[in-house]
Each structure stands twice: as structure tokens, then as C-alpha cells.
Amino acid sequence: MKWTRVLMACVAAVATGGACADDAAEGSGKAAIIAALGLQPHVEGGYFARTFQPDHRPRVATPAGPRYTMTAIHYLLTDDSPIGHLHRNESDIVHFYHLGSPVKYYLLHPDGRLETAVLGPDLAAGQRLQLTVRGGVWKASHLPSGEYGLISEAVAPGFDYADMALGKRAALLEAFPQHADIVRAFTRD
């Protein structure tokens, strides 16, 4: 219950223009969020928890097999895990900003185009509350500063690890030589 109070205090602080403060008795803002939302480390970096899958609906047919119509997760980048490494999903994904510092996205489109976007609360500075990434686009996310950035993702058709590929540096450098700095910064190998 204390983690719920801490998370709600964080939500209230951010809503009024403040930030979640470290609190030695309760744990830091990121620790409170990880605990309150039951987040686990994600293979691409950061932390996540699946929050929805429609078990009450029939699955939809995809070329890779049946999938949920949609799934949703919470996703958190932190100062100790600030990168969601380049990866590609077959499904379309809508990202929603919630709390904390802005999160920057790098999108490498199949035609070679680089697109960037920042999810965050400062709309006047061009930050966005929502970002849609089509299936087949390579995507990396980054927390450039701050303790954490919390978003959610809705994936349709629903996420399945079989539909996700983590970027391999050599292959991505070959495919996107014009974006070598991005590829090197956001791949592990």
C-alpha cells in the first residue's frame, strides 16, 4: 500500500509541474514505480509489465500465427537503464507518455529515413503525448536525462516475442550506413 501512496504522490507532483523526489524512507521515484507497477527488466532495456491482453476475444490470424487483437504494457526507462535498444516489431504500436523526464525516440524507416520524436509533457517545446510506430520500423528509445520516464504501449495485433527482432549492429550498419552514429549508440553488439 505504501508504494501506491508513493506512486500517487509522484503522479500528483508531476501533474502540478513538479517531479517525484527521492525519499529515503520510501525509496526513490523509479523504485516506487517499479514496485507499484510490478515491472521487470525488458530484453531491449528498461523495465516493463504487460497490463492487458484480451483473453475474452478470439485471436486474430497473422502470417506468423494467431495473436491477441491488442496488448498493452507499461514501459519505464531509468537513469541506470536509459536505452531501449534498436528493435523491430511486426505490429503497429502506439506509445503514450505518462510521467517523468521526456523520452526520445529514433525511428529507422525501411526507406532509410530517420525520424525522431520526443514523448514528454512540454507540448510548447514540441514534445508529444502520443507516438505511433508502424510495424516494420526499427525503433530505439532513450532517456537523455532525469531519473526515469514512464510510458505505456498499445500493440495491435498483440505483441509476441516471435514478432520482435533485436537489432544486430553489423546488419543495421549495412542497411542504414547513413545513420551509423544512431546504430552504434543504440545497439549492444
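How much accessible surface does the protein have, and what share of it belongs to carbon and sulfur atoms?

1. The surface answer comes first. The accessible surface of the protein is about 9,500 Å², and carbon and sulfur atoms hold 57% of that. Accessible areas come from the Shrake-Rupley method with a 1.4 Å probe, and for residues only the protein chains shown count as cover. Please keep in mind that this is a predicted model, where local features need pLDDT of at least 70, side-chain atom pairs count only at pLDDT 80 or more, and totals for chains, interfaces and linings use all residues. Residues are numbered from 1 along each chain as its sequence is written, and side-chain values use heavy atoms, with hydrogens and water left out.

2. Now the overall make-up. Of its 189 residues, 44% count as buried, where buried means under 20% relative accessible area, exposed means over 50%, and partly exposed lies in between (1.4 Å probe, protein chains only). Among contacts between residues at least 6 apart in sequence, 72% join residues at least 24 apart; a contact means heavy atoms within 4.5 Å.

3. Next, look for the open sheet of five strands. Its order is E9-E8-E11-E6-E13, with antiparallel pairing; two strands pair if DSSP finds at least two bridges between them. Strands E9 (114-119) and E13 are at the edges with a single partner strand each, so one side of each has no neighbour in the sheet. On average, neighbouring strands of this sheet are turned by 25 degrees against each other, direction ignored; the axes behind such angles are lines fitted to C-alpha atoms, for helices over the stretch in contact, and angles run from 0 to 180 degrees between N-to-C directions. Six bridges hold the antiparallel pair of E8 (residues 103-108) and E9, and Tyr-105 stands opposite Ala-117 in E9.

4. E2 (residues 47-52) pairs with strand E1 (residues 40-41) in the antiparallel sense over two bridges, and Phe-48 in E2 is the bridge partner of Gln-40. The E1 and E2 hairpin has five residues between the strands, and there Gly-45 takes a positive phi near 120 degrees. For background, most residues other than glycine have a negative phi, and most peptide bonds are trans. E2 also runs antiparallel to E5, joined to it by five bridges, with Ile-73 in E5 as the bridge partner of Arg-50.

5. Which residues are joined by a cis peptide bond? They are Ala-156 and Pro-157, with omega at about -15 degrees. Pro-157 is in the loop between E12 and E13.

6. Turn to the charged pairs. The count comes to eight salt bridges, a salt bridge being a side-chain nitrogen of Lys or Arg within 4 Å of a carboxyl oxygen of Asp or Glu. In one of them, the side chains of Lys-30 and Asp-80 meet at 3.6 Å, N to O. This pair links distant parts of the chain, 50 residues apart: Lys-30 is in helix H2 (residues 29-37), and Asp-80 is in the loop between strand E5 (71-78) and strand E6 (83-89).

7. Arg-88 meets Glu-90 at 4.0 Å, N to O, and Arg-88 is partly exposed, with a relative accessible area of 26%. Glu-115 meets Arg-113 at 3.8 Å, N to O; Glu-115 is partly exposed at 25%, and Arg-113 is partly exposed at 43%. Elsewhere, salt bridges that share partners join Lys-30, Asp-79 and Asp-80 into one network.

8. Finally, compare two residues. Glu-153 is found in strand E12 and is buried, with a relative accessible area of 8%. Leaving aside neighbours within four places in sequence, Glu-153 has contacts that include Thr-71, Tyr-75, His-95 and Lys-139. Tyr-161, in the loop between strand E12 (148-156) and strand E13 (164-166), is partly exposed at 45%.

Key: Helix = DSSP H or I, 4+ residues; strand = E, 2+ residues; numbered from the N terminus.
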